[in-house]
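Dear colleague,

I am passing on the model that we spoke about, together with some notes on what I found in it. Please look through the structure below before you read on.

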2 protein chains.
Amino acid sequence: MHFTSEQRLDDAVLEREFTLGEIPGILWTPASASASAPTPLILAGPAPLGLRTMYPRLVARALHAAADGFATATIELPGSGDRPRWPAAEQARADLRRVMAAGEPVTDEIIDALVLPLVDKAVPEWQSALDALLSLPEIGGAVGYSGGVISIGTRLAVVEPRISAAVLFAGSFIPRAVLEEARQVTIPLHVLLQWDDEGNDRQAALDLFDAFGSKEKTLHANTGGHTGVPQFAGDAAAQFFTRHLK
Amino acid sequence: MHFTSEQRLDDAVLEREFTLGEIPGILWTPASASASAPTPLILAGPAPLGLRTMYPRLVARALHAAADGFATATIELPGSGDRPRWPAAEQARADLRRVMAAGEPVTDEIIDALVLPLVDKAVPEWQSALDALLSLPEIGGAVGYSGGVISIGTRLAVVEPRISAAVLFAGSFIPRAVLEEARQVTIPLHVLLQWDDEGNDRQAALDLFDAFGSKEKTLHANTGGHTGVPQFAGDAAAQFFTRHLK
């Protein structure tokens, strides 16, 4: 893990860009974080549109989390942002756009081709990032996961025991295999669902929520489209992390 | 409205029992409430098991609300607690128990007979209670509604313009007519759903949430049965009122 740039935001937060091998990422830490007072970490989930595009939303969440005493880190998804193109993933997205434009049904095969290779490739990268982040002296304590591409969050919750609570944003297609994996999830979950999300299958999201094996799971559904998550819903997600990571 | 008893709880809250004609009720006000500093009011929704049975849960919510600066009031439902028996309502409940015990489907006719007469009778009583409560000098400002028997809350939200926000608990049968009325609701709503509520039709609750016409509506679904609403879900409902009634 190599830090490539560093700047202070609002005097209270240190923002550092890094690379992990070829993968770019960003780490935000409260200025108070130190080896003698390490900070719990929130992995801020993947940005399918690329880190640059998602930066305004990511930094807003990171500043909020820092005020609550958490570090936040994120890495670029395979095939996104400045990472090398991934022709198979582009083909899968093109296939999806074609059937949607034609008004044809989005089949399980299309969803599998779109999501499963991404999950298979991304999840080990997030685990490597977690290794590197937890080796920093100023990072320590519990780890949370927060983000979209709910299939990645679900897989991470199953395979990565260092993640102890997760906020999942239901806003992407869900393969049948992920619905099965969800039954193995046992950590506390806080699931956000935008009720009027144009590109989201609401029933699939409800089925996934039902499938999670966690004893504590909460669904927060709000009116509005994909990007319309209300401020109070963000606050509630932050409170969830404060309850579980402190 | 006649006060029939009065006691201080925790030094911070005044609990007064009252009667409104033949209807018993309870009013909790923060000790700080006065004519020069009137307190917003939360109508704490109906208690199908009777006020005495529900008292422990009601007083806990009232103390929480008083700490947030709200008065809380409730009245006994028709046919419940010490109020005169209501043979038609008892017959409808007996019919429901019979079909459920026999494993037969709960038809729309049974649900209508169970719920609609109760809504028709209770809603004007809650409006009369509101008239009386708002005439007290120490009560003033916005009014919220919080409670179960979601059909009563839905009707009140439609017909009573003084109610400006509502927390609704989805845990009872919902007549088709109420689903239609729900489209006329426009106030901010916060709906609680216990995901594993044995006696509740989850899909009917989701359909009702979908039907509400409100621009701001939030569904909080949590694992657990009817009486298992987690503490943090109660806190979130309290925050909803603080956002909307202050």
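D10(A) is exposed, because its C-beta has 9 other C-beta atoms within 10 Å, where 12 or fewer count as exposed. Please keep in mind here, and for everything that follows, that this is a predicted model. The residue sits in the loop between β1 (2–9) and β2 (13–20) of chain A, and D10(A) has a positive phi of about 55 degrees although it is not a glycine. As background, most residues other than glycine have a negative phi.

Strand β1 (residues 2–9) of chain B is joined to strand β2 (residues 13–20) of chain B by seven bridges, and the two run antiparallel; one of the pairings is that of Q7(B), whose bridge partner in β2(B) is E15(B). The hairpin of β1(B) and β2(B) has three residues between the strands, and in it D10(B) takes a positive phi near 55 degrees. D11(B), which is also placed in the loop between β1 and β2 of chain B, has a positive phi of about 65 degrees although it is not a glycine. D11(B) is exposed, since 7 other C-beta atoms lie within 10 Å. As for the strand β1(B) itself, the number of buried residues among its eight is zero, so β1(B) lies largely in the open.

Turning to the chain as a whole, chain A has seven helices and nine strands. Its radius of gyration is 17 Å, close to the 18 Å that the globule rule gives for 246 residues, so chain A is as compact as a globular protein of that length. The C-alpha trace of chain A spans about 55 × 40 × 30 Å along its principal axes, and buried residues make up 43% of the 246 residues in the chain. If one takes the contacts in chain A between residues at least 6 apart in sequence, 66% of them join residues at least 24 apart.

Which residues of helix α6 (residues 202–211) of chain A are buried? They are A205(A), L206(A), L208(A) and F209(A). Seen down the axis of α6(A), these buried residues fall within an arc of 160 degrees, so they line one face of the helix. The cover over the buried residues of α6(A) includes α4 (150–159), β7 (163–170), α5 (176–181), β8 (189–194) and β9 of chain A.

V191(B) is found in strand β8 (residues 189–194) of chain B, and V191(B) is buried, because 24 other C-beta atoms lie within 10 Å, where 20 or more count as buried. With neighbours within four places in sequence left aside, V191(B) is in contact with L168(B), A170(B), F209(B), K217(B), T218(B) and L219(B). V191(B) and L206(B), which are 15 residues apart in sequence, are 9.9 Å apart in space, C-alpha to C-alpha.

I come last to how the two chains meet. The contact takes twelve residues from chain A and twelve residues from chain B. On the side of chain B that touches chain A, β9 (217–222) and α7 (231–245) of chain B each supply at least two residues, and β9(B) gives the most, with six residues. By class, that side of chain B has four nonpolar, four polar and four charged residues. Strand β9 (residues 217–222) of chain A is joined to β9(B) by five bridges, and the two strands run antiparallel; N222(A), for example, has T218(B) as its bridge partner in β9(B).

How are the two copies related? Chain B is superposed on chain A by a rotation of 180 degrees with 0.0 Å of shift along its axis, at an RMSD of 0.0 Å. That is the relation of a two-fold axis. The C-alpha of chain B nearest the axis is that of H220(B), 2.4 Å from it. The same surface serves both copies, as 100% of the contact residues of chain B recur in chain A.

With best regards

Methods:
Residues numbered from 1 in each chain as written. Chains lettered and ligands numbered in written order. Predicted model: local features only at pLDDT ≥ 70, side-chain atom pairs only at ≥ 80, totals over all residues. Contact = placed C-beta atoms within 7 Å. Helix = DSSP H or I, 4+ residues; strand = E, 2+ residues; numbered from the N terminus. Nonpolar A, V, L, I, M, F, W, Y, C, P; charged D, E, K, R; others polar. Pairing = 2+ DSSP bridges. Arc of directions from axis to C-beta. Least-squares fit on C-alpha atoms with pLDDT ≥ 70 in both. Rg over C-alpha atoms; globule rule 2.2 N^0.38 Å.
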